[in-house]
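Reader: Could you show me how to read strands and helices in a structure? I'm new to this.

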Amino acid sequence: MNYEENARVISDDIFNLINTCFENERKSKDSKYRVNFFDTYKNYFVLTDDGSYSINSREINHKIETLHTSTGAISEAFEKFIKPMKFDYSKDIAILDICAGLGYNSSAAIDDFLKKEDNSNLTIDMVEISSPTLACGLLVPSPIEAHNITCKAIEEELIKTNYACLELEKTAIPKNIDINVYIEDARKTVQNLKDKQYDAIFLDPFSQNMAPELFSLDLFKEFKRIIKDNGIIATYTSAAPVRGAFIEAGFYVGQGPIFGRKQGGTLASPSPEMLEISLPKNDEIRIALSDVGISFKDPGLNNSSKYILDKRTEERHRERHNTRISSAVKTPIFLGDEMDDEKLKRRVERNLAKMNIPSTTSSEAMYIVEIENKYNKKQDKTNNSRNRILDMEKKLKEVKNGKL
Ligand SMILES: C[S@@+](CC[C@H](N)C(=O)[O-])C[C@H]1O[C@@H](n2cnc3c(N)ncnc32)[C@H](O)[C@@H]1O
């Protein structure tokens, strides 16, 4: 099966119902299939706490994810993707919306722009692999007025690609808003985009274990090329391999807003000034020193999710006790601490010994995490998560190689 057929998209039952709906529309040129869809199949949609609707993913490895948080699908778009961006609406703004789904993140961006615009222009490039998923955006009740603008752009593209055939969306796209819809694998799209053109990238795939190909180091290197120097990437996940990949690709990283989850998401930018809040201290230590920080690799940007996950597992085994401290029992977070729990201490010190670190309070341990004494939740140009992570990585290497 090729990647497109196997991709993580909406669940098969609703996927097929939407395909049939648009097939009927094409055959009959009758609007009733689209108009009646939501009322007929309402049970397939997931009502979230703010009254907006979401939808379930296809089941993969016995796991189903909902496209949005149950706390509120459209609220999530504003909280996680719009609020952290420092858009200066006196200038033109360009956004890349990766994994556009029902189009909520783009709709939230349009809403924000229309409220604050200042004679400027907004360009949004939406990328979504699945036509039925985009089409689903036309079938749900619009959670905000601006969603009708997004729907117009989606409908135009679906008509162009012969998926839909009727122009049912009455809302016009304002002259100062340009929306391009790409229906393809985002990894393919990004390779054809121009350098330094985006103020913001919304990165909204399913979770990193379901869709590691959309969180890989190789993809993030492309982001580094296409984002402006003061641009910001926002994603909801706080996963160590994702944050590790941003660092490896040359980004500064910061903590994103907490909404509907225990931990804040992740923000990344080529400029430290754009990111206010440091990652939590223990996250920095684990990303820098343990094998959980090892990124997903997708050379050629065309590998399957399984290949990428398997390769990372192999790399973690290879690097553990070699260039990285074992992540077992969260070993690195104890560096610099006295430990009371004797059993845990023995396990931690066994792992540390393999990296030439005699104990959690040895001079080697203190040397590696020394920079965390300067940890500050508010980050700045020099004292920030990226610099601390790189410093710890370098010192671990020195200690392992006996250069201390
Ligand atoms: C969590 S949902 C995104 C929700 C969306 N941002 C919204 O506002 O509704 C993830 C989306 O990624 C899409 N997707 C999966 N693999 C993709 C790929 N390789 N390229 C582009 N989109 C992909 C899925 O079809 C799904 O719609």
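Author: Strands (E, at least two residues) and helices (H or I, at least four) are DSSP runs, numbered from the N terminus. This is a predicted model, where local features need pLDDT of at least 70, side-chain atom pairs count only at pLDDT 80 or more, and totals for chains, interfaces and linings use all residues. Residues are numbered from 1 along each chain as its sequence is written.

Reader: Okay, so how many bridges link β3 and β6?

Author: Four, and the two strands, β3 and β6 (residues 198-203), pair in the parallel sense. Strand β3 (residues 93-98) is also joined to β4 (residues 122-128) by six bridges, again parallel. Take Leu96: its bridge partner in β6 is Ile201, while in β4 Leu96 stands opposite Asp125.

Reader: Is β3 mostly covered or uncovered?

Author: A residue is buried if 20 or more other C-beta atoms lie within 10 Å of its own, exposed if 12 or fewer, and partly exposed in between, with C-beta atoms placed from the backbone. In β3, five of the six residues are buried, so mostly covered.

Reader: Which residues of α13 are buried?

Author: Val348, Asn351 and Leu352. Seen down the axis of α13, these buried residues fall within an arc of 100 degrees (taken from the directions from the helix axis to the C-beta atoms), so they line one face of the helix. An α-helix has 3.6 residues a turn, so residues three or four places apart point the same way. On the other side of α13, Glu342, Lys343, Arg346 and Ala353 are exposed.

Notes:
Pairing = 2+ DSSP bridges.
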